[in-house]
Amino acid sequence: MSEGAVKLVKKAGGSIIDHKPVFSSNSKILYVGCGPVLRLFSTDTGEHLQDVEISAIAVDKPEGSIVDIYLHPFDKTVLIMCFEEGRVIAWSSETNTVVHSMVLNISKDRVARMKLHVVNEETEAFDIIIGSKKAKHDTVRLSIFEYATGIRKCEIPKRIRCDKSRPFVCVVCHPEKECVAVGDSSGRILLYYDFLRENKKSPYSVYHWHTLPTNDVVFTTTGNIFYSGGNEHVLVKWTVDAPDVRHFLPRLSSPIVHLTCSTDSRLVAVSTLDNAILIVNSHNKLQCTLQQFTWGFVSVPGQRLFPSGLVIDYRSNCIVMNGKPGHIQFYSPQYLSLIYNMDIVCQNYVTQERSKHISNAEVVAIELSSDGIWLATVQMRDDPEFYTDTQLKFWLFDRKSQTYKFTSCVILQHSVSKLCFQPLNEDSTKDDITEYVFATLCSDKKFRLWNCEYSFKSASARWNCFSIGYYRDHSLHDLSFSGDGSLLGAAFGPCLTLWDSETHSMKCSLSKGPEPLRQVVFANGDSSFISVVATNSTMYAWNLLSLTLLWSVELTTSFIVADPRSEHIAAFTPANSLFIYKASSANHIYEQKELCENNVTILSGIFFPLSNDIAIQTTNPKASWLLSSSLYFFTSSQELMAFEFQSKDTRLADGLTFVSEKAAATPFKTLMATQTASAVEKKEIKTYLQLGVPWAQTISQFVNSPAHAMPPVHLLCESFLQSLVLSNRLELREEKEGCAVDDTPSLRRLWFRG
């Protein structure tokens with residue numbers, strides 16, 4: 001790719017919960033497979049330490065994603081990884097090199113799971129148990145391969161029949177005994193003993209607390225304790241010999257997917273459905289959270305994923321979007337990190353039941369003012385048995401606490417699908433909260449305008465609806481403010497209606513045909529007088545000065561996005577294609593198809609303005625649309641992608657050191673030497689504890705004396721300063737007496753030996 005060309009990069013997302021993570025031998029580092037990349041996290045701080053691309057250091061490039069990771073049974077500095085295609089790679093964490101690689105003969109199957117089995121400890125021989133299956137088949141075939149040669153030894157024919165009404169969900173082996181723990185769909189955990197003996201029914205014991213399916217079970221190293229988790233958002237700690245003794249860690253962020261225990265049984269890694277890994281200690285206390293981007297999940301069929309789309313917070317330069325249920329998240333594209341999650345609904349999440357879907361309140365719309373002072377959210381709880389609860393909430397940013405504080409709530413009788421803040425004028429005063437105007441797109445074919453008022457009685461701000469707009473009983477599909485905030489464009493049926501923001505009256509109505517409008521945006525920059533609208537099959541532009549049709553193209557779009565700093569318009573199609581237009585021309589200047597896989601759809605997109613101190617120059621006309629902003633879009637696979645410039649500079653610097661197990665679990669430890677030596681003699685520093693305000697009596701006498709009775713100031717300076725200085729005689733007297741000296745008003749100080 002040439003210099004100045006456009007490149008598509010992944011900014012966030014990527015699953016870290018598809019497979020179980022693995023602790024290092026000292027439990028300081030957690031190894032996580034994220035696609036074809038191995039990620040290293042600190043278990044003390046939760047920091048992301050480093051990414052290891054196995055394909056970049058392996059001679060034989062593996063294909064597909066990492067399926068399973070295990071520590072080498074006899075060399076704890078080596079990790080054994082298995083890829084989907086059947087390639088097994090042993091990677092050294094000390095040297096960052098591949099020490100062993102082989103391809104298993106699994107025909108055209110894809111590897112689903114891998115397990116290690118020690119055969120002989122004296123010769124350090126062990127086997128690899130592979131669970132593989134063909135595409136679009138549920139039948140899993142278990143095979144045993146020799147690690148040293150990769151030769152298939154046999155297949156495992158032994159099976160345990162399960163109850164058809166309670167199918168198995170997870171299976172795990174006991175570390176010491178001939179025992180298998182099985183979790184079923186009813187929430188039970190069954191411990192089968194002596195299951196390898198043929199022609200004999202295996203005895204079992206039942207442990208039951210979960211009401212929903214038990215997603216995973218893990219034993220500690222000794223096997224006397226095991227953990228379980230499911231969709232109740234609760235981690236349960238069991239004692240094998242005492243089924244009635246249970247310890248709980250409730251109210252986790254989302255359902256539990258995987259569980260992993262460290263070799264010293266001190267830590268447990270809990271993988272949750274919101275793409276997070278929680279590190280829990282042996283006392284069932286949360287130690288840290290490993291999360292770079294919060295996933296959303298659909299608990300009730302029919303719910304939309306990330307319904308609020310992408311919104312820019314210009315105050316913190318973050319992208320705001322849905323997070324875990326009832327929350328929104330602030331993500332920084334600059335630092336590629338999650339800043340924080342904000343609870344909007346302020347309600348406990350109610351988990352699902354076996355035979356009934358439970359509805360929880362979800363955030364369906366988000367909008368921030370152009371200065372980031374006001375945040376507006378819409379939450380909705382759609383319960384088909386009772387009623388739909390819709391609440392419009394307003395949040396004011398508090399500069400002291402650096403957080404948004406709830407100010408007012410409006411209970412709506414109709415649903416709201418979009419929110420819009422009127423852009424502030426350059427002459428607006430940020431301290432005047434009454435200058436903000438807000439618009440809501442409602443399901444009753446109307447839009448409502450809101451303004452902020454200050455209540456002196458309650459000493460707080462409140463929002464009132466002061467205007468309602470509608471047109472010919474047409475359905476309202478979209479609305480948007482112009483860049484300067486002087487016009488409000490509303491798409492009523494096939495008509496684009498323009499409304500004056502000051503008088504709140506309709507100025508004109510523009511229409512091209514009977515097809516309803518789906519979206520309306522205003523261009524910016526040199527084309528701020530142009531409005532671009534889209535229907536199901538056509539996209540066209542209106543000149544708002546002459547009220548004439550400027551251009552029209554036949555294009556089926558999913559949504560269109562306007563750049564706030566230029567005249568460029570981005571159009572995304574259902575076929576995952578992108579077209580970039582100038583608002584003044586019908587010819588697109590950039591096109592890229594197949595932005596993601598066929599089974600993935602693009603949910604939302606936004607132009608993110610570049611910082612003013614970033615100067616970008618390019619001679620490539622196809623990349624000129626990225627001079628002022630970067631284009632971000634979000635996919636149904638929950639990945640945040642961005643279009644950026646391709647630069648010759650690369651961040652894969654030679655000075656980047658690899659983090660091994662011997663290194664500390666923080667990035668700063670890599671800057672410190674492993675051994676230090678010094679010939680400087682260390683001196684013991686004596687410290688003192690000071691009580692009271694020094695020289696308070698002297699200063700008080702000096703300030704409170706009558707001015708007419710005081711001598712000239714130049715005569716007082718020397719004596720005043722001498723009274724504030726401790727003499728060497730006082731210090732020698734302290735050391736001689738070896739005790740504290742009570743500072744009388746003449747000494748003006750009190751010291752205690754440290």
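Figure 1. Strands are DSSP runs of E with at least two residues, and helices are runs of H or I with at least four, both numbered from the N terminus. The structure is a predicted model, in which local features need pLDDT of at least 70, side-chain atom pairs count only at pLDDT 80 or more, and totals for chains, interfaces and linings use all residues. Residues are numbered from 1 along each chain as its sequence is written, and side-chain values use heavy atoms, with hydrogens and water left out. β15 (residues 179-184) pairs with β16 in the antiparallel sense over five bridges; two strands pair if DSSP finds at least two bridges between them. The two strands make a hairpin with three residues between them, and Gly187 in the turn has a positive phi of about 95 degrees.

**Figure 2. Strand β16 is largely enclosed by the rest of the structure.** Strand β16 covers residues 188-193, and five of its six residues are buried (buried means under 20% relative accessible area, exposed over 50% and partly exposed in between, with a 1.4 Å probe and protein chains only). Five bridges also join β16 to β17 (residues 204-208), in an antiparallel arrangement. In that pairing, Tyr192 stands opposite Tyr204 of β17.

**Figure 3. The largest nonpolar core has 28 residues.** A nonpolar core is a set of buried Ala, Val, Leu, Ile, Met, Phe, Trp, Tyr and Cys residues joined through side-chain atoms within 4.5 Å. The residues with the most contacts inside this core are Leu30, Ile277, Ile279, Met321 and Leu640. Elements that give two or more residues to this core include β3 (29-34), β24 (276-281), β27 (318-322) and β52 (640-645). The most is given by β3, with three residues. Beyond four places in sequence, Leu640 touches residues including Val9, Leu310, Ile319, Tyr331 and Phe633 (contact means heavy atoms within 4.5 Å). Another core, of 21 residues, lies apart from the largest one, and among its members are Leu595, Phe607, Ala623 and Phe645.

**Figure 4. Strand β3 belongs to an open sheet in the order β2-β3-β4-β5.** These four strands pair in the antiparallel sense. The edges are held by β2 (22-23) and β5 (48-53); each has a single partner strand, so one side of each is left without a neighbour in the sheet. Six bridges join β3 to β4 (residues 37-42), and the two run antiparallel. Leu38 in β4 is the bridge partner of Gly33.

Figure 5. Five bridges join β40 (residues 495-500) to β41, and Trp499 stands opposite Met506 in β41.

**Figure 6. Cys442 and Thr390 are buried residues.** Cys442 has a relative accessible area of 3%. Its closest cysteine sulfur, in Cys465, is 8.0 Å away, too far for a bond. A search of the whole structure finds zero disulfides, a disulfide being a pair of cysteine sulfur atoms within 2.5 Å. Cys508 also counts as buried, at 17% relative accessibility. Thr390, in strand β32 (residues 388-398), has a relative accessible area of 2%.

**Figure 7. Asn96 and Glu594 have positive phi values.** Phi of Asn96 is near 55 degrees, in a residue other than glycine. Asn96 is found in the loop between β8 (87-92) and β9 (97-103) and is partly exposed, with a relative accessible area of 24%. Phi of Glu594 is also near 55 degrees. Glu594 lies in the loop between β49 (588-592) and β50, and is exposed, at 68% relative accessible area.

**Figure 8. Two stretches of the chain have pLDDT under 50.** The mean pLDDT of the chain is 82, and 80% of its residues reach 70 or more; pLDDT is the predictor's confidence in each residue, from 0 to 100. Over residues 649-666 the value stays under 50, and the model has 36 contacts for this stretch beyond four places in sequence. Residues 727-754 are likewise below 50, with 44 contacts in the model beyond near neighbours in sequence.
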